[in-house]
Amino acid sequence: MDAIRITDVVKRYPEFTLGPINMSVGQGEFFGIFGPPSTGKTSVLKLILGLLTPDEGQVEIAGRDAAEMEVSARGISMVFQNLALFPHMTGRENIIFPLKERGASEAEIAERLDLVSEVLHVSHILHKNPAQMSGGERQRIALGRAFAAQSRAMLLDEPIAALDARLREEMRVELKRLQRENNQTFVYVSHDEEEVMAISDRVAVIVGGRIAQIGTPEEVYNEPCSLAVAEVIGSPPMNFFEGRFSAEGLRFESDVLETDIQVVCTTQKGGAGTLGVRPEDIWLGESEGNPSFKVRVSTVEPLGGYTIINARIGKQIIKIRAPGQVALEEDAWQSVSLDARRLHLFCAKGSRL
Ligand SMILES: Nc1ncnc2c1ncn2[C@@H]1O[C@H](COP(=O)(O)OP(=O)(O)OP(=O)(O)O)[C@@H](O)[C@H]1O
């Protein structure tokens, strides 16, 4: 049985419509929701929690119709983007609040408090009131309170966005560990693609109020089902070349690229389309059996472990991600080749071919 199932759910705001949304989250699954700002991610969580009622469709929690369940009966906690701590309570009191509410024993309260304080690095701020904490500290206390509750499922809305980059990386590992150890169901919203891809078992990509794709992080990255998904997944983003397919669907030609690209496309014979190539699938230099062409180096960003090269080809700028550190002169001509095994083809309507 799914922990959460959403079927044909539509929510209408005056200027925005979410859905129809269809998704299911397994018990113990870490389910990520990723998408650009204002695409409906938070609204999906509110529908699950019961803060919003769907205009159409059904939300089920552990096999039961959520419409018939009080919010408190759903067994779900949520950590909001704009977290709400009780201002008159200390960090400790905030964290143990849900345990006291359900009448947990002193021993259990002490044990849970110790565990979450250690994992979330908050032992030293437990005595403070929220007003005396930094934004990141408040966020961690809010996470602690949600974890202490040991609810069936946790909904997390950008839960670590307020933390600095290093702490964010550490926390995402800890969150995943806590989730696994407690075998809890997590629905985790983030607009940080790397974060959501790194910790989720599956990811739903939401674009413009609709789920564009659901899959493992690898599936979504390696086989984006549409241009819309390909555009938002990957950093630096995928390079796109507009062009045409030959009549038999075996070549793709673009005014930007010097050479035709050999493709195998049985579903599209002739007509316009788009070729997508990830920055890491463009290699410096020519390579046997792979299409090559010349680009003009524009800027070089040395990032330590890898280098991002911005290069001009015709009127277009492309991004190349080269491993390690490479020395390239700005304005120099450079041969590059495309990894022929990793080309992404899309039809004129944007669907993957
Ligand atoms: N109560 C509301 N009344 C009217 N419009 C709303 C309401 N709540 C959200 N919206 C609109 O619905 C759209 C989606 O909002 P939502 O918060 O679900 O998106 P989001 O993807 O979580 O955004 P962000 O990443 O910026 O937090 C936005 O355009 C927002 O303005």
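Reader: Where does Pro236 lie?

Author: Pro236 lies in the loop between α8 (227-232) and β11 (239-245), helices being DSSP runs of H or I with at least four residues and strands runs of E with at least two, numbered from the N terminus. The peptide bond that joins Ser235 to Pro236 is cis, its omega being about -5°. A cis bond also runs from Gly19 to Pro20, with omega near 5°, and Pro20 belongs to strand β2 (residues 16-26).

Reader: On what basis are such features reported?

Author: The model is predicted, and local features therefore need pLDDT of at least 70 and side-chain atom pairs 80 or more, while totals for chains, interfaces and linings use all residues. Residues are numbered from 1 along each chain as its sequence is written.

Reader: What makes β2 and β5 the edges of their sheet?

Author: The open sheet has four strands in the order β2-β1-β4-β5, with antiparallel pairing, where two strands pair if DSSP finds at least two bridges between them. β2 and β5 (64-65) each have a single partner strand, so one side of each lacks a neighbour in the sheet. β1 and β2 run antiparallel and are joined by eight bridges, and Tyr13 stands opposite Phe16 of β2. Helix α1 packs on this sheet and touches β1, β2 and β4 (56-61), its direction making about 120° with that of β1. Strand β1 (residues 2-13) also holds Asp8, which has a positive phi of about 50° although it is not a glycine.

Reader: Which residues surround the ligand?

Author: The shell, in which a residue's C-beta atom, placed from the backbone, lies within 6 Å, comprises Tyr13, Pro14, Phe16, Gly35, Pro37, Ser38, Thr39, Gly40, Lys41, Thr42, Ser43 and His191. Helix α1 (residues 41-49) gives the most to this shell, with three residues. By class the shell has four nonpolar, seven polar and one charged residue; here Ala, Val, Leu, Ile, Met, Phe, Trp, Tyr, Cys and Pro count as nonpolar, Asp, Glu, Lys and Arg as charged, and the others, Gly among them, as polar.

Reader: Why are α3 and α4 called oblique to each other?

Author: The axes of helix α3 (residues 106-120) and helix α4 (residues 135-148) come within 10 Å and cross at roughly 140°. Axes are lines fitted to C-alpha atoms, for helices over the stretch in contact, and angles run from 0 to 180 degrees between N-to-C directions. Angles under 35 degrees count as roughly parallel, over 145 as roughly antiparallel, 65 to 115 as roughly perpendicular and the rest as oblique. The pair of α3 and α4 is therefore oblique. Arg112, Leu113, Val116, Ser117 and Leu120 of α3 meet Arg140, Leu143, Gly144, Phe147 and Ala148 of α4, contact requiring C-beta atoms, placed from the backbone, within 7 Å. This contact has six nonpolar, two polar and two charged residues.

Reader: What makes α2 roughly parallel to α4?

Author: Helix α2 (residues 91-101) packs against α4 at an angle of about 25°, with the axes 7 Å apart. That angle makes α2 roughly parallel to α4. Gly91, Asn94, Ile95, Ile96, Phe97, Pro98 and Leu99 of α2 meet Ile141, Gly144, Arg145 and Ala148 of α4. Seven nonpolar, three polar and one charged residue make up that contact.

Reader: At what angle do the axes of α2 and α3 cross?

Author: The axes of α2 and α3 cross at roughly 130° and come within 10 Å. α2 is therefore oblique to α3. The two helices touch through Arg92, Ile95, Ile96 and Leu99 of α2 and Glu108, Ile109, Arg112, Leu113 and Val116 of α3. The classes here are six nonpolar, no polar and three charged residues.

Reader: How many bridges pair β17 and β18?

Author: Strand β17 (residues 306-313) and strand β18 (residues 316-323) pair in the antiparallel sense over eight bridges. Arg312 stands opposite Ile317 of β18. Two residues lie between the strands of this hairpin, where Gly314 takes a positive phi near 60°.
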